[in-house]
Amino acid sequence: MGETRTWPAVAVASAITLVCAIVGGIAASAAVAELTRGPSAAELREAQAAETALRWERWPTGRIFPATLVYTSEQGGRELARRVGISSRTDCRGAVDTAIAGQMTAAGCRAVLRATYLDALQGVVVTIGVAAFPDALRARSAIPIFPGGGSAAPGLRALAFPGTVTDRFTASGRQSLTLRTAGPYLVMATAGQVDGRPARALGEQRETMFSFTEDLAEEVGATLTAPASPDCAAKEWRC
């Protein structure tokens with residue numbers, strides 16, 4: 001009776017076992033690497049965008065609207081606009097004229113934060129509004145809602161504070177409107193004179209009279225979208 005040779009089967013089985021072990025080891029290593037690796041560049045960008053879009057809700061309003069904002073005067077000097085007050089209301093409909101309130105909501109407006117400032121000479125009052133949207137695309141899509149050309153109405157509502165020099169700033173006194181997008185935010189700045197004179201009662205005004213409001217809007221927008229170092233351990237970051 002011949003000898004039975006089983007070694008090829010044993011060798012094949014051993015080879016299969018070795019291959020499975022290698023594959024299992026590679027899979028395990030990949031799983032460990034996935035669990036222990038840091039966030040990718042794409043994930044960090046997504047985390048940054050998500051954190052930026054929630055700053056309107058999570059940041060103190062005083063951080064968004066600081067006590068002073070720097071601007072360049074008509075003469076070219078550096079001046080400070082001083083904050084008079086911040087609105088406690090954040091609803092989109094209450095912050096803009098009724099004629100465009102529905103359109104703002106339809107565009108995805110989540111909230112509008114408002115604050116009022118005075119220029120250095122206390123002759124011009126400016127209400128700055130920050131409209132928060134889900135993303136930059138939605139924020140840009142809201143620009144056509146406004147009339148353009150600097151026309152103040154329909155637009156951001158004037159925010160006056162009784163007992164201050166801004167208490168005469170009303171809807172009829174708005175003389176200009178500046179719009180700037182900053183990431184998921186639309187920054188609006190409407191301005192008028194502290195004596196409350198209506199725009200229709202004015203003659204030809206200086207083109208540069210309210211141009212400094214662009215500086216104010218840009219500074220607020222830059223603050224809201226300033227890059228921050230991701231902290232994946234903090235609750236406001238999702239890496």
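Author: A residue is called buried when its relative accessible area is under 20%, exposed when it is over 50%, and partly exposed in between, with a 1.4 Å probe and protein chains only. The model is predicted, and local features need pLDDT of at least 70, side-chain atom pairs count only at pLDDT 80 or more, while totals for chains, interfaces and linings use all residues. Residues are numbered from 1 along each chain as its sequence is written, and side-chain values use heavy atoms, with hydrogens and water left out.

Reader: How many helices and strands are there, and what makes a stretch count as one?

Author: The protein has eight helices and six strands. These are DSSP runs, numbered from the N terminus, where a helix (H or I) needs at least four residues and a strand (E) at least two. Read from the N terminus, the order is α-α-α-α-β-β-α-α-β-β-α-β-β-α. Of the 239 residues in the protein, 37% are buried.

Reader: Which residues of helix H6 are buried, and what puts them on one side of the helix?

Author: In H6, the buried residues are Ile100, Ala101 and Met104. The arc is that of the directions from the helix axis to the C-beta atoms, and because these residues cover only 125 degrees of it, they lie on the same side of H6. Ala99 and Ala106, on the other side of H6, are exposed. The buried residues pack against H5 and E4, and H6 is followed by Gly108, which has a positive phi near 105 degrees.

Reader: Why is Asp97 called buried, and where is it found?

Author: Asp97 has a relative accessible area of 12%, and because this value falls under the limit for buried residues, Asp97 is given that name. Asp97 is found in the loop between helix H5 (92-95) and helix H6 (98-106). Contact here means heavy atoms within 4.5 Å, and, not counting residues up to four places away in sequence, Asp97 touches Ala153, Pro154, Gly155, Arg157 and Arg174.

Reader: How do you know that the side chains of Asp97 and Arg174 make a polar contact?

Author: A polar contact is a pair of N or O atoms within 3.5 Å; within protein, one must be able to donate a hydrogen and the other to accept it, and residues adjacent in sequence count only if both atoms are side-chain atoms. The side chains of Asp97 and Arg174 are 3.1 Å apart in such a pair.

Reader: Why is Ile64 called buried, whereas Thr61 is called partly exposed?

Author: Ile64 has a relative accessibility of 1%, so Ile64 counts as buried.

Reader: What makes a set of residues a nonpolar core, and which residues touch the most other members of the largest one?

Author: A nonpolar core is a set of buried Ala, Val, Leu, Ile, Met, Phe, Trp, Tyr and Cys residues joined through side-chain atoms within 4.5 Å. The largest core has 27 residues, of which Ile64, Phe65, Val126, Ile128, Val130, Leu216 and Val220 touch the most other members. Two or more of its residues come from each of strand E1 (68-72), strand E3 (111-118), strand E4 (124-132), strand E6 (185-193) and helix H8 (212-225). A second, separate core of 20 residues includes Ile100, Val112, Ala142 and Met188.

Reader: Why are Tyr71 and Phe212 called a tilted aromatic pair?

Author: Rings of Phe, Tyr and Trp (its six-membered ring) pair if their centres lie within 6.5 Å, and planes under 30 degrees apart count as stacked, over 60 as edge-to-face and the rest as tilted. By this rule there is one aromatic pair. Tyr71 and Phe212 are 4.6 Å apart from centre to centre with 40 degrees between the planes, and form a tilted pair. Tyr71 belongs to strand E1 and Phe212 to helix H8, 141 residues apart, and the pair links distant parts of the chain. Both Tyr71 and Phe212 are buried.
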